[in-house]
Amino acid sequence: MVILYGLGSYSRDIARKYNISMEEIEIIVDNTLSLYDVYHGKVISWKEYVHHKEEYHSTQLVIGAQYRFEEIKKEVLESGLFAESEIIGIEEWAAKNFSPRLLLGEYAEKQERLNISHLSEQIGGIPQKQLEGARILCSRYEALDRMPKGGRVAEIGVAYGDFSREILTRMQPEKFYAIDLFCESVGFWDEGFFKESGTTHYEWYAGRFSDYIRSGTLVMERGVSWDVMGGFPDRYFDYIYLDAAHDYASVEKDIKQIVKKIKYGGIIQFNDYTLQENYGVVPAVNKMVKETEAKVLYYCLAPNGYADLAVQMGK
């Protein structure tokens, strides 16, 4: 039995590859775990675990979030609750204790597809009346060129900042908020960029946009997206770009805050509006559009099929 800390997308890949059951895990420690993830057992935050440590008996902690391994390990060691020898990465742990089961992996992935497909069917598509006048654009950048200049803008999930640069250049916002976990990660998309460059995500992004930060145009906000958004006044933003966690529950949490923080008549642009990789973006966005009667402005094509959808909130 082990304590599993963090269950990001990488951990789900491992769960598909190896025959790991919930019986092997005493508790999952994760602050943002979705209800639609692989494991459905009890989940608590790190603070809750520390407060109730005496209730749990496992002496090994497995870190599931590969890109945050060093950050989490440092936090755990500083707590004094585990020794360094008791902390291990999920792939190393799984390789030592379980055999690869390709059939299991295919089954798990099939189940995820069925869950999202069923959810999408339940929610349904966007009514035609909310699509009248919508335009198809060749890319998400074309949408930026059609957005009002100036105003208050937020990008939720900034990665390396490539799209941040496009927003700043094309929209010229009065205020731009870059919202991200800004973890001490190795990089995105299995790259070791930050580790190789000897920096952190936060430091690198801050350096790239130092001129905008010094001028007061760009503000970096670090934390879980829906928590950060909850700290802004209602009807504050003119434009919000959402590119954070893509599972259904997380997108729903983000949307719950975004619809309160966007101005009437403001525009929300959703990245990766696709059912590829079992993303929950499509059903979550469709549900919001139907419930709020938002108007679809643009469907932005992408060569890889990961489209954007831009909607305008009612006035």
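Okay, quick one on burial before anything else: I call a residue buried under 20% relative accessible area, exposed over 50%, and partly exposed in between, using a 1.4 Å probe and protein chains only.

Some housekeeping. This is a predicted model, so local features need pLDDT of at least 70 and side-chain atom pairs count only at pLDDT 80 or more, while totals for chains, interfaces and linings use all residues. Residues are numbered from 1 along each chain as its sequence is written, and side-chain values use heavy atoms, with hydrogens and water left out. Helices (H or I, at least four residues) and strands (E, at least two) are DSSP runs, numbered from the N terminus.

Back to F182, then. What does F182 pair with? With Y202, as an edge-to-face aromatic pair, 5.4 Å centre to centre with 80° between the planes. For rings of Phe, Tyr and Trp (its six-membered ring), pairing means centres within 6.5 Å; planes under 30 degrees apart are stacked, over 60 edge-to-face, and the rest tilted. F182 sits in the loop between β8 and α8 and Y202 is in helix α9, so this pair ties together parts 20 residues apart in sequence. Y202 itself is partly exposed, at 30%. Over the whole structure a search gives 19 aromatic pairs, and ring pairs also link Y5, W46, Y49, Y56 and F82 into a cluster.

Staying with α9, residues 201-208: H201, Y205 and A206 are buried there. They cover an arc of only 125° around the axis, which puts them on the same side of α9; the arc is taken from the directions from the helix axis to the C-beta atoms. An α-helix has 3.6 residues a turn, so residues three or four places apart point the same way. The cover over those buried residues includes α7, β8, α8, α10 and β9, where contact means heavy atoms within 4.5 Å.

Now the sheet. Five strands make an open, parallel sheet in the order β3-β2-β1-β4-β5, and two strands pair if DSSP finds at least two bridges between them. The edges are β3 (43-44) and β5 (87-89), each pairing on one side only. Between β4 (residues 61-63) and β5 there are three bridges, and L61 stands opposite I87 in β5. Helix α3 (residues 69-79) lies across β1, β4 and β5, at about 170° to β5. Helix α4 (residues 90-97) packs on the sheet as well, touching β1, β2, β4 and β5, with its direction at about 85° to that of β5. Those axes are lines fitted to C-alpha atoms, for helices over the stretch in contact, and angles run from 0 to 180 degrees between N-to-C directions.

Last topic, charges. How many salt bridges does the structure hold? Eleven, counting a side-chain nitrogen of Lys or Arg within 4 Å of a carboxyl oxygen of Asp or Glu. R170 and D145 meet at 2.9 Å, N to O; R170 is in α7 and D145 in α6, 25 residues apart. Both are partly exposed, R170 at 24% and D145 at 37%. K263 and D238 form another, at 3.1 Å. K263 lies in β11 and D238 in β10, so that pair ties together parts 25 residues apart in sequence. Finally, salt bridges that share partners join D145, E166 and R170 into one network.
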